[in-house]
Amino acid sequence: MNEALPDDFDVIIIGTGLPAAVVSGALSRVDKKVLHLDRNDYYGGSWSSFNIKSVETFLQNPYDSAEYLNKDGEETSNIEVSEDEEFVPILQNKNFITKAEYSCYLKRSEKNEEPAQSSSPCVDTCQSDVVEQSCASKPDDSLKSGETPISEEVQKREESPKVENCNDPATQGDGDSVEKEKELTQELDKAKTKEKVDVSEVVKPRFPLSEDFYKQWRHYNLDLSPKVMFSRGLLVELLIQSNVSRYLEFRNVTRTLTFLDGSKELQRVPCSRADVFSSKFVSVVEKRILMRLFTLCANYKDHEQEYQNFREKTFIEFLASRRLSLKAQHFVLYSIAMVSETTSTLDGLAATHKFLHSLGRYGNSAFLWPSYGVGEIPQAFCRFSAVFGGTFCLRRYAVGFIKDKTTGRCTAIVDNTGQKIRCGTLILDDLNLPHGANTTSTSSVDRAIYVIDSTVSKSDAEQEVSLVTIPPMCDNPAVRLIEAGPLCCVCPKNNYYCTKKNCEKQPKKLPFKKNVKNCLNLDETNIKPEVGGEDSQSRKPVILWSCHFTMTDTNTDNSTLPPNVITLQGPRMDLGFDRAMNEAREVFLRICPGEDFLPRAPDPEEIVFDEGYNTENNDTISPTPEDGGGDYVEEEEEDLNEPAAE
Amino acid sequence: MHGRLKVKTTAVQEEEKRIKRQKKLKLFQGALAAAFKKIHSKEYDPEGLYITQEILAANSDYYTIWNYRKNAFLHFKNTKTSDELLKCFQDELSFLQNCLKNNPKSYSCWNQRCFVLLTMSDPDWKKELQLCDLFLQFDDRNFHCWDYRRFVVQHSAVLPGEEIQFTHKLIENNFSNYSSWHYRSKLLPIECPDASDKNRIGEKMLLEELELVQNAFFTDPNDQSAWFYHRWLLGRGETKQSLLSLHVSLLDNKLTCTLRKPASIKDCSRLNVYINDNPHVVVWKGCNQGKYQHVWQSDLPKKDLFSGENKIKVEFGSSELMVEMTGQDEAISCIQTNTETFRQSSSDAKLSVLTEELKSCEELNDLEPGNKWVMLTLVLLMRAIDPTHYSSQVHDTLHELCTVDGMRQCYYQDLMSKFVIEDHIAAVDLHQRCIDLHGKALTRVCRFEFFSTITSLNLSHNQLHSLNSPFKLLHCLQKLDVSENEIVEISGLKDLTKLVLLNLDSNKISSLKTLEPVTTCAALQKISVKSNRIPLEDIDSLLQILPNVEIVYE
């Protein structure tokens, strides 16, 4: 990728984080000449999704890209600048991922086939990836009929191709599908034979070996910044409006769970009418009270008299005044409005309204989740930008920009090959910081990703994505988890989830982990042989693999920068995408005041192909990443487009 | 510019579309011509199937074309091998599924599917059930699919329990679903029938269902589907057919029986008449028009009754009534009415269950004051539990409903009138032959079958708007006072052979034409029409039409 690029662009964008990608698409759509670079060999920056191998590599060294210049800009002498120009280096943001660690708790091989008596497992906690542990029986017997993760998975996969062919990984067409099919049949056969084994007599380990686990590395899509989309949030509207949705697929967040104080189990939050109706955790009277509140919140602006006495009070006081039981208050506050105890009534109402407004647009849920992970979304917008003429180049970045001393404006960038490329505007995403600009760390989020062997809360229906909110308890801040099942194309046979947490005060790490683990009954020490016949309903999910890291948001003070250099924010910790979308729109309007922000892209039949080629196939640089980190699936998501036609 | 997108103008696109459409039309018409040629020549071949398939893919409601395919399959049945035939049918099923995807409410498609399933050997019913699952998942109120589901269930002996589970799933998804609730009401009596009545469900199941439906109306009290199911659960018990009254008149030699429920002439064969304990064969004649009637009359043999004591007994099933003639011209016998008389018609569920339901509805009413469904259910429950005890509450609630749900004000008033009349009947001895219902704010009169032997009826000072009920059932009626109402029409007052006095004062009768029915009342002696809106010339005409009747108009 070291060939020379054209050396004049309207806008140059460095970094392919989501807001940058959206701005890029919007600019290309209105015929701006856009150059979009990223120092990484993948798209998305801090919004990326990784497979198991790449996430481990990433966590070992998040900043391993080759650098042309060192960070202090000492070698600026190499850059030729004239008298009235100044070279401003652009540095990699090396602060955004810290305290990264990961471990795999699965045992490595079956060297020791003798049943060993010392069964208490020892977990090597310092960055080790293997737990040495003895095994009680042959690995061949590793299936418990119908209840083990593997056979459960077989069931799931057996069903999924029938229900939605478009989500079958086979459509990825990367040759992987055949392999998978084979695997599937093998697993099926295995499961079938195992069902005949008398369960009560055989002792079997129920976990795969570490090697087998890593064999499926490509099937994982783990998000650095897990988020869900509000069904009526700005991102969804934008995807529909612009037709970018054709590059993506979605899943419903099928349930919201929470952890009630004093309860040992996760409970399902009644969010919708159907949930309230079928919930067994609230009495009929509570149901009525909840529904009354929902009805009010759905158009609270028309019923000011209902809350005017609470304008100065907190939302939770307002909820109490509506005769909501403590349990119902908890549901509304933490899981529906997703606010805190100190939130004001008006903010709480607005948050509840936002949730309810999104509810029911796509199924019995307020949220959508992008299949193959959040990292798909920036890629979709990049692709859109490329389709409309944007030039993309990975592993290429700006080492700095050139500032005209007289005008104070940025005139060009210097990329890592030393090429000078002129630009009208320069946009930097959160991973690229201009030297000398005032940067402050605004907030940091502790995130963890767990691969677990079964869902955190069993239910009759197959769950696609679950959102779990854990309220602040015993000085532990609130935790939010997203659990995605195998239907979401983010993991092969195990569920995984990401946790994220607000860290206003710097907490110790242990309580955070402990908090999560206690609430979810998670345990990585449980990887030991188990005697068959255990009640699968009460079985705790077990962590097979985990990672932890802290993501820090950096705020760049734009006032010291040239007016035509714009910096973008990182993913932050909000659940949805509205902030990022607003930011993208503002940036776009700053560059193109009065222009349409991502108007509908024409359908193929509306396009004139006078030069005898299809514009769609004419991407000079394919935005598709080379490995399985994320593949484009070109099916249009019907669900998304349907309401657009209403 | 290189790589830049050019979008066609709307005009260009319109033109392209038009040409495309024209092409399509030409193709369609060509195919249609070919298909009809095949239809007329009864030529059933693969080409015909292909052509018709193309037509149906474009318009799946074309039943003539489907019929061709039906005939073709019937033809193949005799000409093709079973393997070929199976292939044909399977292709048809998958083709149908595609058609249904585009047009899930096509009568023809579902119909054709039934045909294929019935015609092919060894159909896969399980797969059909899954198809129904799928289509109901997309639209849980698609009644075509519900019909088809019942068809499949019927032919494949699916257990009612499984179907109940299925409805449960749909209801959990969205309980505003009449189809599911209704299906449940059909399945539950099969799965857990009540010991005494096979159309009802056993108590244990009843309680579970009540809890389920309670969850629904607490969640959304404005959703009527749950309320209707609730009402079904609490049951409108079937009223048993029985004799209400017996009237013997020697003046015109008539025996008149009144039945609780309208009966046909065939049902009358169960009416057994005994004179002095001797069976007596009679010919029954309805006193009104229509196949089903409450009141049936027969002629009495004159000879048997001219002197001495005579006992006349009429039996219907287990109910019987008897009159003793001791020289008088006329005798009646009526059932003894009481508070139980109308109870069972509103409910046959156990009292404890009803009381529980009342409690939770009261709770809901506190939470959700002014909800019409809650209030109406409260009224019905109170009536079912103890009409006397709740009489004022019922009245107040109905009164409130009139303001809460103004659109249905008349319905509630009529309901109240019915309750008032029923309460009156329950409290009165019908042998008195005199009913006084004046000043009860009645908007309608009903339960005429109970009044069939009375001679005097006072309905004055009410809010009656019209007298269109069949007053003819009151075959002994001599005196009728309907003054001080808002009556605009009296079409029900036809052929009242015994009516002597009619008071229509202070009503809203506006013309002679309206009064015409009274000309059919042969015995009429006096009619009062004071304070109406009848023009004087109409009164004059009336005087001429009814020269022997005293007409009071001023």
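Tutor: Happy to. Let's begin with B:Glu92 and B:Arg69, whose side chains form a salt bridge with an N to O distance of 2.6 Å. Please keep in mind that this is a predicted model. The two partners sit in distant parts of the chain, 23 residues apart: B:Arg69 belongs to helix α3 (residues 63-79) of chain B, and B:Glu92 to helix α4 (residues 82-102) of chain B.

Now for other salt bridges. Over all chains, the structure holds 39 of them. Staying in chain B, B:Glu43 and B:Lys38 are joined through their side chains at 3.1 Å, N to O. Here B:Lys38 counts as buried at 6% relative accessibility, whereas B:Glu43 counts as partly exposed at 36%. Chain B also has a network of salt bridges that links B:Arg383, B:Glu422, B:Asp423, B:Arg447 and B:Glu449.

For an example in chain A, look at A:Asp553 and A:Arg572, whose side chains meet in a salt bridge of 3.6 Å, N to O. A:Asp553 is in strand β22 of chain A, while A:Arg572 is in the loop between β23 (565-567) and α14 (578-591), so this pair ties together parts that lie 19 residues apart in sequence. With a relative accessible area of 3%, A:Asp553 is buried. A:Arg572 has a relative accessibility of 15% and counts as buried as well.

Strand β22 leads us on to the aromatic residues. The structure holds 37 aromatic pairs over all chains. One of them joins A:Tyr102 and A:Trp545: the ring centres are 6.4 Å apart and the planes are at 20°, so the pair is stacked. This pair connects distant parts of the chain, 443 residues apart, with A:Tyr102 in strand β5 (residues 97-104) of chain A and A:Trp545 in strand β22 (residues 543-556) of chain A. A:Tyr102 is buried, at a relative accessible area of 7%, and A:Trp545 is buried at 0%.

A pair in chain B has another geometry. The rings of B:Phe448 and B:Phe471 have centres 4.8 Å apart and planes at 70°, so they are edge-to-face. B:Phe448 is in the loop between β10 (434-436) and β11 (456-458) of chain B, and B:Phe471 in the loop between β11 and β12 (479-481), so the pair ties together parts 23 residues apart in sequence. Both B:Phe448 and B:Phe471 are buried. Elsewhere in chain B, one aromatic cluster is made up of B:Trp110, B:Trp125, B:Phe135, B:Tyr148 and B:Phe151.

B:Phe143 counts as partly exposed, at 41% relative accessibility. B:Phe143 and B:Pro104 are 39 residues apart in sequence, and their C-alpha atoms are 10.0 Å apart in space.

What about charge on the surface? B:Lys17, B:Lys20, B:Arg21 and B:Lys24 form a positive surface patch. Its member B:Arg21 lies in helix α1 (residues 10-40) of chain B and counts as exposed because its relative accessibility is 57%. An α-helix has 3.6 residues a turn, so residues three or four places apart point the same way.

For a helix with buried residues, turn to α6 (residues 234-242) of chain A, where A:Leu235, A:Val236, A:Leu238, A:Leu239, A:Ile240 and A:Ser242 are buried. After α6(A) comes A:Asn243, which has a positive phi near 70°.

That brings us to backbone angles. Most residues other than glycine have a negative phi. A:Asp31, which is not a glycine, has a positive phi of about 70°. A:Asp31 sits in the loop between α1 (18-29) and β2 (34-38) of chain A and is partly exposed, with a relative accessible area of 44%. In chain B, B:Glu484 also has a positive phi, near 55°. B:Glu484 is in the loop between β12 and β13 (501-503) of chain B, and at 37% relative accessibility B:Glu484 counts as partly exposed.

Technical notes
Residues numbered from 1 in each chain as written. Chains lettered and ligands numbered in written order. Predicted model: local features only at pLDDT ≥ 70, side-chain atom pairs only at ≥ 80, totals over all residues. Heavy atoms only, no water. Patch = residues over 30% accessible without salt bridge, like charges linked within 9 Å, V, L, I, M, F, W, Y side chains within 5 Å. Areas by Shrake-Rupley, 256 points an atom, 1.4 Å probe, with all protein chains shown as cover. Salt bridge = Lys/Arg side-chain N within 4 Å of Asp/Glu carboxyl O. Lys, Arg positive; Asp, Glu negative; His and termini not counted. Charge placed at Lys NZ, Arg CZ, Asp CG, Glu CD. Helix = DSSP H or I, 4+ residues; strand = E, 2+ residues; numbered from the N terminus. Buried < 20%, exposed > 50% of the residue type's maximum accessible area, 1.4 Å probe, protein only. Phe/Tyr/Trp six-rings, centres within 6.5 Å; stacked < 30°, edge-to-face > 60°.
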